[in-house]
Amino acid sequence: MHNESDQRGFSAEGAVVEILERGGERFAKILIEPGTVLELPAASSDLSLGDRVIVDASLNIERVRGGPDPARILLPSVPATSGAPDEPARPVFRDYEHVLRMAGLFALAIVVFLGWRSWMVPDDFGVYGHYRAGAIADAAIRTPGYAGQASCVECHDDVQQVRLPDKHATVSCEACHGPLGRHARSETDVAPIRPSPRAVCLTCHTAVTGMPATFPKVIVNEHSDAGPCTECHKAHAPGGS
Amino acid sequence: MPGVDGFIYPNEVELQWSVLITLYPFITGLVAGAFILASLERVFNVRVVKPTYRLALLTALAFLLVAPLPLQLHLGHPERSLEMYLTPHRQSAMAMFGFVYLWYLTVVLVLEIWFDYRRQLVLAWRSSTGLKRQAYRLMTLGSNNISPAALKVDDRIGYILTVVGIPSAFLLHGYVGFIFGSVKANPWWSTPLMPIVFLFSAIVSGIALVMLLYMALARARRLPLDMPCLDTIARYLFYAFLIDFSLEMLDLIHRIYEADESFRALDFMVRTRLYVSHIVVQIILGTLVPLALLAAVQVYRFSDRTRRRIYAAAGVLTLIGIFAMRWNVVIGGQLFSKSFLGYTTYKMSFATREGLLPAVILMILPFLILAGLVRLLPPWADMGRRAALSTAGEKSSGDA
Amino acid sequence: MEQDRRAFLADAGRWLMLTGAATLAWDYVVAGQPENSPNYRVTDHWWGMIIDIDKCIGCGNCVRACKAENDVPLEPGHFRTWVERYQVASDDLDHPSVDSPNGAYDGFPPVEQAAGNVKAFFVPKLCNHCAHSPCVQVCPVGATFASPDGVVLVDKSYCIGCRYCVQACPYGCRFIDHRTMTVDKCDLCYHRITRGLTTACCEACPTGARQLVDLKNPSDPVHAFLNSNAVHVLKPQMATGAKVFYRALDGVVR
């Protein structure tokens, strides 16, 4: 859609960027600002590339004399399309060339990416599945904190014998004594701390809503005073008092 | 525990995805919507919206460049984020989306803008000096052929890119919807409608944004505002909004009717914790009011000035409403426990890595980038610069 | 010639040293690779767990043992395993009262009064090491995966911390470890089970409510257990292939 042409003393200054010939007539393409180019008949033959001109509302071109030296306006000395016949002929290779440049840029980017990828991805990735195979080793390599029942019994079989007839035989040693892996591996000279003879029992046996009905539970205030449970129950065979 | 009602799994205390993850679908939605508006002109020959064609493309680019930033701020290890391109897990929607994003950014947006602006870039190369000249030269990749034959090639390729770009835009934001919609563990997210709802709300938000930008920029540069163009954009906004609203209502009605296991928990959440953001902001202010405004324009005749005001109001409310929709999906989906027995609260911080301040900065950033882009690649030719120059005036490459 | 010989000896010495170092390193590497360990072959095992609700007393030993064994932060929101307590009134089955104070790290508060017309029980929970795990499915980079012996593990040096897996897990068993900003979760004490030990939680459980099982081992008690008990998994409708089997799990449990 076209707006009404404005006759109010309009003038714009620009630079001649192309000179074309079409059907025997000369046209000048004048760049007013990036994005705005005029194409006007240029009957006067003394216009050349790089000239600064003024265009008025009637679309007359006036070459600026005494204005900025046209030679100061630099234009690339690559062969412009001026002078060539201007009809939209069948596209030749020259007209596709910029597309190939862009395609080349993409191809280069893909090659660089693939190369970088083969450098960055860990070598053991994908061996077993979509993960780094070394991650399995990473998970397995930590040192256990709890020694495990079998380990305790190796040295402390005497205690195990005491426990065997009791219901607590199936409770592992470390359930009450805490993690003792370092002790089992003789890593530290510090003896394991003896658990409190009250707190450790109450951990399990204080009545809490939700406990199975058959589980022996005590409401502490009703069961005993504030003394240690070992007053009445043997530490490693508390089932029989 | 403060902020917790009922029972939540012990690990659910803190929300995993913050306001930054709300920003992300909002931004990519704007991109997809702006592009679809641009494609209306190019592919569907809706010539009347031509004034906004280049502006829409530049807007899409500015926002798409910012889109990865909220994600980078959110990641625990952003320095490892490229692993998504190096070893993408093909079963993961998030991983595959990385490639959809890259495809869209490079092949669809950058290429289309390049082919559309190439002539202008060459002319700018020829007529500028110094550093600017080198910059423009780089952007033309050293080729300065702007003969009509070459421009015809550009036009053809641009057309193909737009045709390819439309399903790509659908894929871009539909994928984001799928990232949420495919999580079976979360009943607020898990629905096959999610990609479609996301897509249509994206179209709505993108159209609204371009419409508002067009009005604002035209006013700022004292260019004439093309009313037929604006009216057409508003009409498309109206249609898209109708579809979006219908889809969301369908989802809602479906949920209420089936009333499955999760429904009671979700219903309670919407009525309480999400009441303001969902009912008031998203539905009433953000959907019903703009729809009513746009519908009024279709039915009654208003003056140009009144219509402009209506469009501005509808546009702003729409954007707020679509942001609220993203908020309700992302944050809402994390406010209830997967046990369906309790709720937690989102405590948004201010000046931390995932707080409100970076979110605000990230929303301002695309406009700054757009300001730079319109200086580098001015879209004014389309937007009515033809005032006195129409008879032998500039034919912008879209028509060449 | 002198130069050549000296150079040769230097090179040979260097080569020997490197080989020696490499050999030592190789032992270290092999020791950490269960599939190469003398007694552990990955393909011989398919790990799971059985939990008997009737035996759980809510003592919280498992929670404490797990945190100690695996260096789990003590702050809220960091639980590889936890215990929930359900109290269900028979006239309101849809609204059970559930609590898990600090994940039951300190057990549960003692009962003040006798419970009325309410059914109450404990439910220990952990990662179900699903055979069709949704968390593995969504990881964008391959940082979480199911090992060939059925344990879902996290590669902490690869995880980017996107938290998609946390969203995808229906059971809420994953969390972000704020010290490493990567995801963490129960790994079935992989460093223990590959050495023939049981998991820390099973070790510490006083009543045997939790037991590690190896479904590929023909002499494992799990087969008799599964054959003679009604077992459930959590959220069976999600079809995750969960490998933690509960006995006596009430239908109200979420």
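## Confidence of the model

The average pLDDT of chain A is 78, and 77% of the residues score at least 70, where pLDDT is the predictor's confidence in each residue, from 0 to 100. This is a predicted model, in which local features need pLDDT of at least 70 and side-chain atom pairs count only at pLDDT 80 or more, while totals for chains, interfaces and linings use all residues. Residues are numbered from 1 along each chain as its sequence is written, and chains are lettered from A and ligands numbered from 1 in the order in which they are written.

Among the elements of chain A, the lowest mean pLDDT, 70, belongs to strand β5 (residues 61-63) of chain A, and the highest, 93, to helix α2 (residues 134-140) of chain A. Two stretches of chain A call for caution. Over residues 1-8 of chain A pLDDT stays under 50, and the model has 13 contacts beyond four places in sequence for them, two residues being in contact if their C-beta atoms, placed from the backbone, lie within 7 Å. Over residues 65-87 of chain A pLDDT also stays under 50, and for this stretch the model has 24 contacts beyond four places in sequence.

## Make-up of chain A

Chain A contains eight helices and five strands; helices (H or I, at least four residues) and strands (E, at least two) are DSSP runs, numbered from the N terminus. Read from the N terminus on, the elements of chain A follow the order β-β-β-β-β-α-α-α-α-α-α-α-α.

Of the 241 residues of chain A, 23% count as buried. A residue is buried if 20 or more other C-beta atoms lie within 10 Å of its own, exposed if 12 or fewer, and partly exposed in between, with C-beta atoms placed from the backbone. Among contacts in chain A between residues at least 6 apart in sequence, 44% join residues at least 24 apart.

## Where chain A meets chain C

The contact between these chains takes 33 residues from chain A and 43 residues from chain C. On the side of chain A that touches chain C, at least two residues each are supplied by α2, α5 (173-177) and α7 (199-205) of chain A, and the largest share, six residues, comes from α2(A). By class, the residues of this side of chain A divide into 19 nonpolar, 10 polar and four charged, where Ala, Val, Leu, Ile, Met, Phe, Trp, Tyr, Cys and Pro count as nonpolar, Asp, Glu, Lys and Arg as charged, and the others, Gly among them, as polar.

## Helix pairs in chain B

Helix α1 (residues 19-42) of chain B and helix α2 (residues 53-66) of chain B have axes that come within 8 Å and cross at roughly 160°, which makes α1(B) roughly antiparallel to α2(B). Axes are lines fitted to C-alpha atoms, for helices over the stretch in contact, and angles run from 0 to 180 degrees between N-to-C directions; angles under 35 degrees count as roughly parallel, over 145 as roughly antiparallel, 65 to 115 as roughly perpendicular and the rest as oblique. α1(B) passes α2(B) in a left-handed crossing, and a crossing is left-handed if the near helix is turned anticlockwise from the far one by less than a right angle, and right-handed if clockwise. Residues including I27(B), L30(B) and F35(B) in α1(B) meet residues including Y53(B), L57(B) and F63(B) in α2(B), and the contact of α1(B) with α2(B) divides into 14 nonpolar, one polar and two charged residues.

In a second pair, the axes of helix α5 (residues 93-127) of chain B and helix α6 (residues 130-139) of chain B come within 8 Å and cross at roughly 150°, and α5(B) and α6(B) are therefore roughly antiparallel to each other. The crossing in which α5(B) passes α6(B) is left-handed. L121(B), A124(B) and W125(B) of α5(B) make the contact with R133(B), Y136(B), R137(B) and M139(B) of α6(B), which by class gives five nonpolar, no polar and two charged residues.

α2(C) is mostly covered, with eight of its 10 residues buried, among them C62(C), V63(C) and C66(C). The buried residues of α2(C) pack against α5 of chain A together with β2, β4, α6 (200-204) and β9 (210-214) of chain C.

Just after α2(C), D71(C) takes a positive phi of about 55°, although D71(C) is not a glycine. D71(C) lies in the loop between α2 (61-70) and β2 (81-89) of chain C, and D71(C) is exposed, with 11 other C-beta atoms within 10 Å. A104(C), which is not a glycine, has a positive phi of about 70° and is placed in the loop between β3 (97-99) and β4 (118-126) of chain C; A104(C) is buried, with 25 other C-beta atoms within 10 Å.
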